[in-house]
Amino acid sequence: MDGELTRISRPRPDGAGIRLTDIAAQAGVSEATVSRVLNGRPGVSVVTRQAVLAALDVLGYERPQRSRQRSNGLVALVTPELDNPIFPAFAQAIEKALTQHGYTPVLCTQLPGGAREDEFTELLMDRGVSGIVFVSGLHADTTANVERYTRLVDRGLPIVLLDGYSDRIDAPFISPDDRAAARLAVQHLVDLGHERIGMALGPRRFVPVIRKIEGYRQAMAQLLGATEIDELLSHSLFSVEGGQAAAARLLERGCTGIVCASDLMALGAIRACRDRGLSVPADVSVVGFDDSPLIAFTDPPLTTVRKPIGAMASAAVATLLEEINGTGGRHVELMFQPELVVRRSTGSGPLVNR
């Protein structure tokens, strides 16, 4: 029986090989069930069979040759990096949903100097993955070549794209309503009495940035009659340092409220305020975006616009499985509504304090 398995990961520190008992324990089934799956015998449900195959993947075995096919339960998740806590949160939610459906998640993280998105994709295709979920990938960059995705679609590989949209890719998209997110943040600050409201953003070329600006412009015009707002937009990197640099420019322009395109940028904005001896929220109010894990425990706890991670992850997996089963629609965008979470980084503005 063990001769049908090829180990692909490092051996355990004690040197012992993994046996049927380990596979059975990992899958939560009997050794007899594992034996039936490995030998392709009948009498095993689809869910149980997937659980055993997933256990093989987790424990580092190659699957039996008869089980190796495109729909073998491997699904890849490609993320840009894990420094931003929103990406591990997405990864955890998507991996949990995949596991519940009997699929084995494969996490591919792009790191500086490491494998790029295209390289990951080729490796995954060689491994015969059932599908790929891309989170904030090159599909979100309006200057990127989308042929990398159209080639996958043409080859029949199911893909789902999160946090970014292109009308040139015939695939399903899962997005938060970035326009609504910006409107929620601006409305909150206006209600508090702020009228000089700036926005700290990432690079202009990204779809979420473009959409947030559209929502911001609409809200500023409707709520404050402000139409000349270009000087209130400050672009930098999606990082703490980027948020600090973008916010510093907005503070120089007299902003008392700052809406940030991510929670990390918001933390940088708070740092920029403190560098100038300003208090948050007594002098300047700061709003983030994402509601990343642990963001409620910052100093001060951050008011932010919550991205519906759980709902988006569930929808991404459900949509991908429909694609795998051949029942999904192709080019469609599912839009999820954000939620304003008010904490202590926002307070009364100058109009209220007069």
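Let's start with Asp291, which is found in the loop between strand 11 and strand 12. This is a predicted model, so to speak of local features takes pLDDT of at least 70, side-chain atom pairs count only at pLDDT 80 or more, and totals for chains, interfaces and linings use all residues.
- Phi of Asp291 is near 60°, a positive value in a residue other than glycine.
- Asp291 counts as buried because its relative accessibility is 14%, where buried means under 20% relative accessible area, exposed over 50% and partly exposed in between, with a 1.4 Å probe and protein chains only.
- Asp290 lies in strand 11 and has a positive phi of about 130°, although it is not a glycine.
- Asp290 is buried too, with a relative accessible area of 3%.

**The overall build**
- The protein has 12 helices and 14 strands; these are DSSP runs numbered from the N terminus, with helices being H or I of at least four residues and strands E of at least two.
- Of the 354 residues in the protein, 53% are buried.
- The protein exposes about 15,700 Å², and carbon and sulfur atoms supply 51% of it; accessible areas come from the Shrake-Rupley method with a 1.4 Å probe, and for residues only the protein chains shown count as cover.
- Take the contacts (heavy atoms within 4.5 Å) with a separation of 6 or more: residues 24 or more positions apart account for 70% of them.

**The cavity**
- The structure holds 1 cavity of 30 Å³ or more. On a 1 Å grid over the protein atoms alone, a cavity is a set of points where a 1.4 Å probe fits but cannot get out, and lining residues have an atom within 4 Å of a point.
- The largest cavity has a volume of about 50 Å³, meaning the space filled by probe spheres set on the points, with grid points joined across faces, edges and corners.
- Its lining is made up of Ala181, Ala182, Ala185, Met199, Lys212, Val259, Cys260, Gly288, Phe289 and Val305.
- Helix 7 (178–191), strand 10 (257–260) and strand 11 (285–290) each supply at least two residues of that lining, and helix 7 gives the most, with 3 residues.
- By class, the lining has 8 nonpolar, 1 polar and 1 charged residues. Here Ala, Val, Leu, Ile, Met, Phe, Trp, Tyr, Cys and Pro count as nonpolar, Asp, Glu, Lys and Arg as charged, and the others, Gly among them, as polar.

- Phe173 lies in strand 7 (residues 172–176) and is buried, with a relative accessible area of 0%.
- Leaving out residues up to four places away in sequence, Phe173 touches His139, Leu161, Gly164, Tyr165, Ser166, His331, Val332, Glu333 and Leu334.
- Phe173 and Met335 are 162 residues apart in sequence, and their C-alpha atoms are 8.4 Å apart in space.
- Thr121 sits in helix 5 (residues 117–126) and is buried, with a relative accessible area of 6%.
- With residues up to four places away in sequence not counted, Thr121 touches Ile132, Phe134 and Leu152.

**Cysteines and cis bonds**
- A search of the whole structure finds 0 disulfides, a disulfide being a pair of cysteine sulfur atoms within 2.5 Å.
- Cys108 counts as buried at 6% relative accessibility, and Cys255 is buried with a relative accessible area of 4%.
- The peptide bond from Val280 to Pro281 is cis, with omega near 15°; Pro281 is in the loop between helix 10 (263–275) and strand 11.
- The peptide bond from Asp299 to Pro300 is cis as well, with omega near -5°, and Pro300 lies in the loop between strand 11 and strand 12 (303–306).

Methods: Residues are numbered from 1 along each chain as its sequence is written. Side-chain values use heavy atoms; hydrogens and water are left out. On a 1 Å grid over the protein atoms alone, a cavity is a set of points where a 1.4 Å probe fits but cannot get out, and a pocket is an open set with protein on both sides within 12 Å along at least five of seven lines; lining residues have an atom within 4 Å of a point.
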